[in-house]
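Dear colleague,

Please find the structure below, together with its sequence.

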Amino acid sequence: MAATITLAAVGMGIATLQSASHLNLGQSTFLLAESGIEEAMLRLVRNPTYSTGTLTTSSGTATINIVGTNPKTIEVTAISGTVTRRVRVIASYSNGILTIQ
């Protein structure tokens with residue numbers, strides 16, 4: 001009986017660690033997607049016709065796609081391991097100022 005309880009507790013502990021690890025990976029992938037948005041905004045300020053690119057870091061890759069003229073839709077898909085996160089923002093460009101709506 002005691003061995004069964006011990007095995008169940010160990011199994012629950014392993015499942016908890018795996019869940020926490022997946023949560024951390026999800027959070028870091030979301031941060032990578034946000035970094036891709038910031039990269040896209042910087043490039044748009046420098047070049048208003050910028051439309052696509054890739055941001056690669058040690059934790060994964062963020063693919064940047066920008067469509068539209070004004071407003072522009074900036075969409076970044078970040079992949080880190082088995083986790084994918086997508087962030088989309090709408091931005092307007094006027095008089096050299098990029099504004100997120």
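The notes below describe the fold, the sheet, the salt bridges and one lysine.

This is a predicted model, in which local features need pLDDT of at least 70 and side-chain atom pairs count only at pLDDT 80 or more, while totals for chains, interfaces and linings use all residues. Residues are numbered from 1 along each chain as its sequence is written, and side-chain values use heavy atoms, with hydrogens and water left out.

Overall fold

The chain contains 1 helix and 5 strands; these elements are DSSP runs numbered from the N terminus, helices being H or I with at least four residues and strands E with at least two. Read from the N terminus, their order is α-β-β-β-β-β. Of the 101 residues in the chain, 27% are buried, where buried means under 20% relative accessible area, exposed over 50%, and partly exposed in between (1.4 Å probe, protein chains only). Among contacts between residues at least 6 apart in sequence, 38% join residues at least 24 apart; a contact means heavy atoms within 4.5 Å.

The 5 strands form an open sheet in the order 1-2-3-4-5, with antiparallel pairing; two strands count as paired if DSSP finds at least two bridges between them. Strand 1 (52-57) and strand 5 (97-100) stand at the edges with a single partner strand each, so one side of each has no neighbour in the sheet. On average, neighbouring strands are turned by 25° against each other, direction ignored; the axes are lines fitted to C-alpha atoms, for helices over the stretch in contact, and angles run from 0 to 180 degrees between N-to-C directions.

The individual pairings are as follows.

- Strand 2 (residues 60-67) runs antiparallel to strand 3 and is joined to strand 3 by 7 bridges. Ile64 has Val76 of strand 3 as its bridge partner.
- Strand 3 and strand 4 are paired antiparallel over 9 bridges, and Ala78 stands opposite Arg85 in strand 4. The hairpin of these two strands has 2 residues between the strands, and Gly81 takes a positive phi near 65° there.
- Strand 4 and strand 5 are paired antiparallel over 4 bridges, with Thr99 in strand 5 as the bridge partner of Ser92. Their hairpin also has 2 residues between the strands, and Asn95 takes a positive phi near 55°.

Salt bridges

How many salt bridges does the structure hold? There are 3, a salt bridge being a side-chain nitrogen of Lys or Arg within 4 Å of a carboxyl oxygen of Asp or Glu.

One of them joins the side chains of Glu39 and Arg43, at 2.6 Å from N to O. Both residues lie in helix 1, 4 residues apart, which is about one turn of the helix. Glu39 is partly exposed, with a relative accessible area of 21%, and Arg43 is likewise partly exposed at 39%. Helix 1 covers residues 2-46.

Glu75 takes part in a salt bridge with Arg86, at 3.5 Å from N to O. Arg86 lies in strand 4 (residues 83-94) and Glu75 in strand 3, so this pair ties together parts that are 11 residues apart in sequence. Glu75 also forms a salt bridge with Arg88, whose closest N and O atoms are 2.4 Å apart. This second pair links strand 3 to strand 4 across 13 residues. Arg86 is exposed, at 53% relative accessibility, and Arg88 is exposed at 56%.

A buried lysine

Lys72 lies in strand 3 (residues 72-80). Is this residue's side chain paired with an opposite charge, or without a salt bridge? Lys72 is buried yet has no salt bridge, and the nearest side chain of opposite charge, Glu75, is 15 Å away. Here Lys and Arg count as positive and Asp and Glu as negative, with His and the chain ends not counted. A polar atom of the Lys72 side chain lies 3.0 Å from the backbone oxygen of Pro48. A polar contact is a pair of N or O atoms within 3.5 Å; within protein, one must be able to donate a hydrogen and the other to accept it, and residues adjacent in sequence count only if both atoms are side-chain atoms. Leaving aside residues up to four places away in sequence, Lys72 touches Leu44, Pro48, Ile66, Val67, Val89, Ile90 and Ala91.

With kind regards
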